[in-house]
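I opened this entry to record what I looked up in the fold. The notes follow the order in which I consulted the model.

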Amino acid sequence: MRNPLSEKIVTIPPSGIRKFFDIVSEMKDAISLGVGEPDFDTPWHIREEGIYSLEKGRTFYTGNAGLRELRVEIHNYLKRRYEMAYDPDDEILVTVGGSEAIDIALRAMLDPGDEVLVPQPSFVSYVPCTVLAGGAAVPICLEEKDQFRLTPEKLREKITPKSKILVMPFPNNPTGAIMARPELEAIAEIVKEHDLFVLSDEIYSELTYGPNGHVSIASLPGMKERTVLINGFSKAFAMTGWRLGYACAPPLILKQMLKIHQFAIMCAPTTSQYAAIDAMKNSDGDVGYMRESYDQRRRYLLHAFQEMGLECFEPLGAFYAFPSIKRFGMTSDQFANELLKEEKVAVVPGGAFGDSGEGYLRVSYAYSLKSLKEALGRIQRFVNRLDGK
């Protein structure tokens with residue numbers, strides 16, 4: 001029988017994140033610090049709006065681009081929070097999570113052989129989605145000495161005549177790194193100089209703990225027309241299971257993204273869209289409360305790592321820390337496996353996020369302080385044994 005499988009698909013490895021979750025789900029008394037998911041319930045007023053939409057029988061398809069009322073509220077939200085304006089009619093598309101937006105943006109923009117510059121460590125989907133779209137992913141290895149930020153020097157090193165898209169994954173999963181306005185301005189000048197486009201994944205934009213808040217590269221002069229902005233409701237609004245995101249882009253690009261969305265998806269879930277309208281309008285207080293809680297946990301986690309001698313730069317975004325385990329002479333995969341086996345604590349090996357993540361661990365603090373305290377006590381015991389204490 002002829003091989004039924006696509007060679008392209010077979011050569012893509014599965015996510016390096018999932019195997020630990022699968023083990024933990026079967027392990028009694030295990031604690032996972034690996035899931036990139038808020039531990040908060042979706043705020044009640046958002047859930048109530050979703051329930052109400054069902055009670056009213058709003059269970060039909062929406063327009064392909066999403067409910068216009070939601071697109072208007074996305075416009076209002078971005079204007080209010082980040083001083084950016086997008087036309088609800090031809091510059092905003094509602095998607096099935098931010099992940100779909102990433103996928104269809106790359107498919108809409110890439111021809112075979114086009115290069116996508118991917119700063120790493122970063123979210124596991126950028127490279128596979130590039131390959132599936134026929135492009136070539138070019139990793140840019142970020143370093144702890146730069147606080148895992150993209151520097152102009154590192155970007156210039158990787159640009160070739162085939163370079164077309166630069167992924168900007170900030171605030172960053174897994175490192176928690178952010179890019180401040182002056183740093184973004186330097187990158188934007190290179191983007192314009194080399195006629196590149198930017199895929200800016202800003203799903204963690206509301207979870208920024210620095211004094212100046214989040215800045216989008218799309219808000220800089222000359223960058224809106226070069227940028228596909230990706231965002232969504234999963235992280236800031238604790239709506240992971242609602243599967244709702246959005247893309248904002250120039251009409252030329254968005255029109256082609258919408259075409260793919262039409263054929264592959266039709267429209268995002270109707271109930272989720274009605275709930276998201278309420279989230280956009282009425283959740284600033286909820287988002288602020290969750291951000292303050294994450295910040296408290298962030299500071300607690302960093303202090304605990306310092307106490308046990310684990311080096312960790314200060315993450316100012318998302319809800320992850322990225323401590324170094326290089327001094328133990330183990331790979332990140334070995335460390336994570338042994339920690340899970342001996343202390344029943346799951347973290348994600350940094351190597352799952354690119355070669356430059358090797359020697360680090362992704363530790364999520366999207367958990368209660370009680371869970372963090374118990375897990376960190378177990379990690380302390382494990383580290384003490386490695387140190388021969």
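Across which strands does helix H4 lie, and at what angle does H4 run to S2? I found that H4 (residues 68-82) lies across S2 and strand S8 (245-248), and that H4 runs at about 110° to S2. I took contact as heavy atoms within 4.5 Å. Axes are lines fitted to C-alpha atoms, for helices over the stretch in contact, and angles run from 0 to 180 degrees between N-to-C directions. Helices (H or I, at least four residues) and strands (E, at least two) are DSSP runs, numbered from the N terminus.

**Basis of the entries.** I note that this is a predicted model, in which local features need pLDDT of at least 70 and side-chain atom pairs count only at pLDDT 80 or more, while totals for chains, interfaces and linings use all residues. Residues are numbered from 1 along each chain as its sequence is written, and side-chain values use heavy atoms, with hydrogens and water left out.

**Whole chain.** I counted 13 helices and twelve strands in the chain. The C-alpha trace spans about 65 × 60 × 55 Å along its principal axes. For 389 residues a compact globule would have a radius of gyration near 21 Å, and the chain agrees with its 21 Å. This radius is taken over C-alpha atoms, and the globule rule is 2.2 Å times the number of residues to the power 0.38.

**Seven-stranded sheet.** I read the order of this open sheet as S2-S8-S7-S6-S5-S3-S4, with mixed pairing. S2 (92-95) and S4 (136-141) stand at the edges with a single partner strand each, so one side of each has no neighbour in the sheet. Neighbouring strands of this sheet are turned by 20° against each other on average, direction ignored. Two strands pair if DSSP finds at least two bridges between them. S6 (residues 197-201) and S7 (residues 227-232) pair in the parallel sense over four bridges, and Ser200 has Leu229 in S7 as its bridge partner.

**Three-stranded sheet.** I found a further open sheet in the order S9-S12-S11, with antiparallel pairing. Its edge strands are S9 (320-321) and S11 (348-349), each pairing on one side only. S9 and S12 (residues 361-364) are joined over two bridges, and Tyr320 stands opposite Ser364 in S12.

**H5 and H9.** I looked up the axes of H5 (residues 97-109) and H9 (residues 251-264), which come within 9 Å and cross at roughly 115°. That makes H5 roughly perpendicular to H9; angles under 35 degrees count as roughly parallel, over 145 as roughly antiparallel, 65 to 115 as roughly perpendicular and the rest as oblique. The residues that meet include Ile104 and Ala108 in H5 and Ile253 and Ile260 in H9. The contact residues divide into eight nonpolar, two polar and two charged. Ala, Val, Leu, Ile, Met, Phe, Trp, Tyr, Cys and Pro count as nonpolar, Asp, Glu, Lys and Arg as charged, and the others, Gly among them, as polar.

**H12 and H13.** The axes of H12 (residues 332-343) and H13 (residues 369-386) come within 10 Å and cross at roughly 115°. Among the contact residues I noted Phe335 and Leu339 of H12 and Phe382 and Arg385 of H13. This contact divides into six nonpolar, no polar and six charged residues.

**Backbone.** I recorded a cis peptide bond from Gln120 to Pro121, with omega near 10°; Pro121 is in the loop between S3 (115-120) and H6 (126-132). The bond from Phe170 to Pro171 is cis, with omega near -10°.
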